[in-house]
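Work through the following exercises with the structure open beside you, and try each task before reading its solution.

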Amino acid sequence: MLTSSTIKDKARGLGFDLCGIAPAGDLPELTFFREWLERGYAGEMTYLHRSAARRADVRNVLPSARTVVVTATNYNTDRPYSTECADAGRAHVARYAWGDDYHDVIGGRLDALLSWMRHEAAEPFEARAYVDTGPVQERVYAQHAGIGWIGKNTCVINPEIGSWIFLGVIICSLPLEVDLAALDRCGTCTLCLEACPTGAIVAPGVLDSNRCISYLTIELRGDIPEAMRAAIGTHIYGCDICQEVCPWNATPPRSPDRAWQPRSVWDRVDLLTLAGCTDDELADSLRGSAMRRTRVQGLRRNIDTALGNACDAETPATRRRRTDS
Ligand code: SF4
Ligand code: SF4
């Protein structure tokens, strides 16, 4: 029999760490997206403007939608946090991109969950499954599915497993029992706002993509604005700083899932090695990885920027010489 409870059991069996059900209703948090776009915070991500009407409500994607099944998958591994690395020549890659492309892995598991739901359901139903690429505000539905609250750093945070999670959604016409929404537990903490090197978190829960290293190194095409280059540091793909400082990520569980373990080519790689790679070698390194999004051209731009920053950085030796003089 298909119920919210049996769906959650099946989701766990398929490798999802969390599963909750949200209503496909008028959720108040959905409305801010328009204002966020109007403020220009989406930068050059014009596809967000084009899909704004559909993103306003999942019922614009699937008119018969009654509920949204939300899954969360922990991708944290046992590698040290990147900001703990003292090596100025190390290339920093956001940890979600260390392993296999989550679109493929999570997408396959969501497809399996949806197939099982169709098999178990007494009647046919309509559904759409998305992993990040759909016109859906996944984080809002995750909050209303009880997965976690949307933190001041804009990430969904679960009190047990933190925010190193991939979200997946199945919008469906089934009238499933829904979960209680997660409560905001950021409290008076402002660590992420203080730690962001570019001031991209312009207010609690409000991100200006134009200033965010993740946007600048992944979504932006063309040159990185001169004024932002130094703050990027040695990040060549994404940025984890506002999650690394979050107290709710202090002792996150480690996933044994092979899919999220660092690929050897991206495990503790240094900038000089990357700079010496041919385009074909870089293209090979992106195969099967979420990092494909930036393409070789974008990756090369990021490596050059990061290498310039690493060369400009004060080394311990020069710092000592300066202090001694
Ligand atoms: S990802 Fe990095 S640049 Fe973007 S908001 Fe977080 S700390 Fe700031
Ligand atoms: S660092 Fe603090 S304010 Fe930021 S998301 Fe985590 S708990 Fe919330």
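**Exercise 1.** How many residues of the shell around ligand 2 are nonpolar, how many polar and how many charged?

*Solution.* This is a predicted model, in which local features need pLDDT of at least 70, side-chain atom pairs count only at pLDDT 80 or more, and totals for chains, interfaces and linings use all residues. Residues are numbered from 1 along each chain as its sequence is written, while chains are lettered from A and ligands numbered from 1 in the order in which they are written.

Step 1: list the shell, taking a residue as near a molecule if its C-beta atom, placed from the backbone, lies within 6 Å of it. Ligand 2 is surrounded by G151, K152, N153, C186, C189, T190, L191, C192, V245, C246, P247 and W248.

Step 2: sort by class, where Ala, Val, Leu, Ile, Met, Phe, Trp, Tyr, Cys and Pro count as nonpolar, Asp, Glu, Lys and Arg as charged, and the others, Gly among them, as polar. The shell around ligand 2 then has 8 nonpolar, 3 polar and 1 charged residues.

Step 3: Because domain 1 (4-79 + 101-172) and domain 2 (191-320) both give residues to the shell, ligand 2 lies between them.

**Exercise 2.** Identify the residues and the elements that surround ligand 1.

*Solution.* Step 1: the shell of ligand 1 consists of N153, C196, T198, A200, I201, L207, C212, I213, S214, C239, I241 and C242.

Step 1: two or more of these residues come from each of α8 (213-219) and α10 (241-244), where helices (H or I, at least four residues) and strands (E, at least two) are DSSP runs numbered from the N terminus.

Step 2: by class, the shell around ligand 1 has 9 nonpolar and 3 polar residues, with no charged residues.

**Exercise 3.** Describe how domain 1 and domain 2 meet.

*Solution.* Step 1: the centres of domain 1 and domain 2, taken over C-alpha atoms, are separated by 25 Å.

Step 1: the contact, for which two residues need C-beta atoms, placed from the backbone, within 7 Å, takes 28 residues from domain 1 and 31 residues from domain 2.

Step 2: on the side of domain 1 that touches domain 2, helix α5 (residues 102-120) supplies the largest share, 3 residues, and by class this side has 12 nonpolar, 11 polar and 5 charged residues.

**Exercise 4.** Characterise the largest nonpolar core and the place of V70 in the fold.

*Solution.* Step 1: a nonpolar core is a set of buried Ala, Val, Leu, Ile, Met, Phe, Trp, Tyr and Cys residues joined through C-beta atoms within 7 Å. The largest one has 84 residues, and those with the most contacts inside it are V68, V69, V70 and V169. Strand β7 (residues 165-172) gives the largest share of this core, 7 residues, and the core draws at least three residues from each of domain 1 (4-79 + 101-172) and domain 2 (191-320).

Step 1: V70 lies in strand β2 (residues 67-74). V70 counts as buried because it has 31 C-beta neighbours inside 10 Å, the cut-offs being 20 or more other C-beta atoms within 10 Å for buried, 12 or fewer for exposed, and partly exposed in between, with C-beta atoms placed from the backbone.

Step 2: leaving aside neighbours within four places in sequence, the contacts of V70 are G20, A22, Y141, A142, A145, I147, L167 and V169.

Key: Domains from an automatic or database assignment.
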